[in-house]
Amino acid sequence: MSLDKATVAKVANLARIRVEEEDLEGLASELNSILDWVEQLGEVDTENTPPMTSVADMQLRWRQDEITDGGYQEDIVANAPSPEDGFFGVPKVIE
Amino acid sequence: MGMIIQGATGDWEVVIGMEVHAQVMSKAKLFSGSATEYGAEQNSQVSFVDAAMPGMLPVINEMAVEQAVRTGLGLKAQINKYSVFDRKNYFYADLPQGYQISQFLQPIVGEGKLTIDLKDGETKEIGITRLHLEQDAGKSIHDQHPTMTLVDLNRSGVALMEIVSEPDIRSPEEAAAYMKKLRSILRYLGTCDGNMEEGSMRADVNVSVRRLGDPLGTRCEMKNLNSVRFIQQAIIYEANRQVDILEEGGEIDQETRLYDSVKGETRSMRSKEEAHDYRYFPDPDLLPLQFDDAFIEKVKADLPELPDEKKARFVSELGITPYDAGVLVAEKEVADYFEAVAKGRDAKLSANWVIGELFGNLNRTSKSLSESPVSADGLGELIDLIKDGTISNRIAKEVFEEMFESGKAAGVIVDEKGLKQVSDTGAIEAAIDEVMAANMDKVEEYRGGKDKLIGFFMGQVMKATGGKANPGVVNKLLKPKLDG
């Protein structure tokens with residue numbers, strides 16, 4: 001597997017991480033090393049091994065349908081950079 | 001009937017698939033304990049989980065699982081005892097996690113089917129591809145601040161069922177019928193309130209066109225349509241747009257389009273295109289969702305009778321026409337009301353009264369059934385009075401209007417206004433004699449051969465008795481008297 005500069009730029013953009021043009025080349029090479037390393041796992045025969053979903057042998061915990069949380073508007077927006085009357089205020093996003 | 005667009009170069013068939021987002025009826029959210037109720041003050045029903053604060057972990061709500069299984073059973077679908085939650089990654093201001101927890105490769109419900117009701121009693125089966133559970137996003141408000149978008153996370157994390165159909169739909173009418181039937185089933189099941197104005201049900205509609213018999217064409221998706229009317233309008237506009245492009249030798253770009261209900265057109269949402277790279281992967285915070293057959297059986301045990309079965313029963317056991325049965329079962333409250341009226345009574349007559357007089361008066365006064373001043377028992381009493389001959393059908397309509405206005409019982413109105421039907425032959429004979437005496441010229445004409453005048457006399461006698469004379473008795477007595 002091989003990532004080129006354009007793919008790295010796209011992934012960075014999707015993840016909203018700013019990457020300078022001069023850093024793309026180096027990042028591509030680092031990411032490729034990581035991918036190569038992970039791809040080594042493909043050498044193991046997993047034909048008869050079920051997929052592992054968790055390191056611990058346990059089941060998903062379920063919760064009853066009861067209202068046990070919420071009701072603290074001021075805490076929710078406490079750290080927001082520009083709260084507005086209990087809303088989060090964000091730069092205008094409109095289609 | 002499928003929709004065919006007649007282009008300059010030949011006929012085009014319209015192919016439609018729907019993805020409906022239905023909000024699950026539950027007290028708390030899919031992965032947190034905050035409330036789901038509509039219309040609360042901004043950010044007052046938000047937990048730290050819903051706001052995606054660092055370190056918060058999702059815990060699944062058993063009710064959401066149960067409701068998804070219940071809906072799956074209602075759609076005659078395969079229930080998957082093992083399903084997996086994935087992260088669907090995209091960036092938007094009202095999605096604090098930066099991803100939506102959804103199900104991608106292994107949904108909780110697999111293939112099923114839904115029967116839609118078309119004009120003149122015809123039906124058609126639409127395949128259901130899958131149903132999966134996912135979180136709703138928050139709400140962005142763009143028009144309440146000059147420079148900012150305001151975000152309310154009350155809806156963030158509310159459980160949704162995304163129900164995906166096969167591309168089996170062929171016309172705007174079928175799409176509307178699909179939406180209506182799905183809504184009806186969800187409401188019967190009690191898994192979604194179906195309130196489209198409040199956004200409890202929204203549809204993404206995929207439209208493509210093709211030459212009859214050709215493979216599927218390239219589709220465009222129209223997002224977030226929240227009324228049956230808009231769905232139909234959007235399909236008509238979009239299908240014609242595609243035909244115009246193809247007829248001029250162009251190609252359709254697979255894309256997301258926005259339906260503008262004010263302008264009545266669809267337009268490209270190019271900004272959304274990149275967001276389509278969702279980079280799904282299994283959510284490491286959640287183990288696979290598993291349950292056993294006993295869980296499914298428990299849900300199955302208290303499934304209600306669904307509209308299709310109810311309709312079939314009304315037709316076969318009560319002798320109601322398929323059309324009327326379809327009208328009566330569309331809403332569960334209507335079906336329950338009708339059954340209460342028809343219990344131990346003439347079902348056809350009951351159906352006529354519910355569909356005719358009751359619906360007519362409700363429509364006229366813009367009332368819903370739950371606001372009806374006439375209860376099922378009240379209407380039943382009125383029908384009993386017709387059946388035992390106390391009042392005629394015509395008088396009954398008058399009594400019904402009065403019941404609807406005043407909320408009084410039928411028996412009380414009949415007594416108060418003295419509307420009791422007169423079957424006493426002496427009184428009716430007297431009325432006939434009176435009418436004949438006042439219209440001797442007409443009597444002569446009748447005897448001279450104008451048979452049709454019997455209708456005139458019938459009317460006059462009914463008028464003379466204030467409509468209370470038993471028409472059957474009048475009929476029997478009138479002719480011998482006229483014949484002399």
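1. Start with the crossing of α6(B) and α8(B): the crossing is left-handed, meaning the near helix is turned anticlockwise from the far one by less than a right angle. The residues touching here are B:Asp324, B:Val327 and B:Leu328 from α6(B), and B:Ala351, B:Val354 and B:Ile355 from α8(B) (in contact means C-beta atoms, placed from the backbone, within 7 Å). By class that gives five nonpolar, no polar and one charged residues (Ala, Val, Leu, Ile, Met, Phe, Trp, Tyr, Cys and Pro are nonpolar; Asp, Glu, Lys and Arg charged; the others, Gly among them, polar).

2. A word on the source: this is a predicted model, with local features needing pLDDT of at least 70 and side-chain atom pairs pLDDT 80 or more, while totals for chains, interfaces and linings use all residues. Residues are numbered from 1 along each chain as its sequence is written, and chains are lettered from A in the order in which they are written.

3. Back to the helices. The axes of α6 (322-329) and α8 (347-364) of chain B come within 11 Å and cross at roughly 60 degrees (axes are lines fitted to C-alpha atoms over the stretch in contact, with angles from 0 to 180 degrees between N-to-C directions).

4. Now the chain contact: chain B puts in 40 residues and chain A 33. On the chain B side, β10(B) gives the largest share, five residues.

5. Strand β3 (87-91) of chain A pairs with β10(B), antiparallel, over four bridges (pairing takes at least two DSSP bridges; strands are DSSP E runs of at least two residues and helices H or I runs of at least four, numbered from the N terminus). A:Val90 has B:Thr149 as its bridge partner in β10(B).

Key: Two residues are in contact if their C-beta atoms, placed from the backbone, lie within 7 Å.
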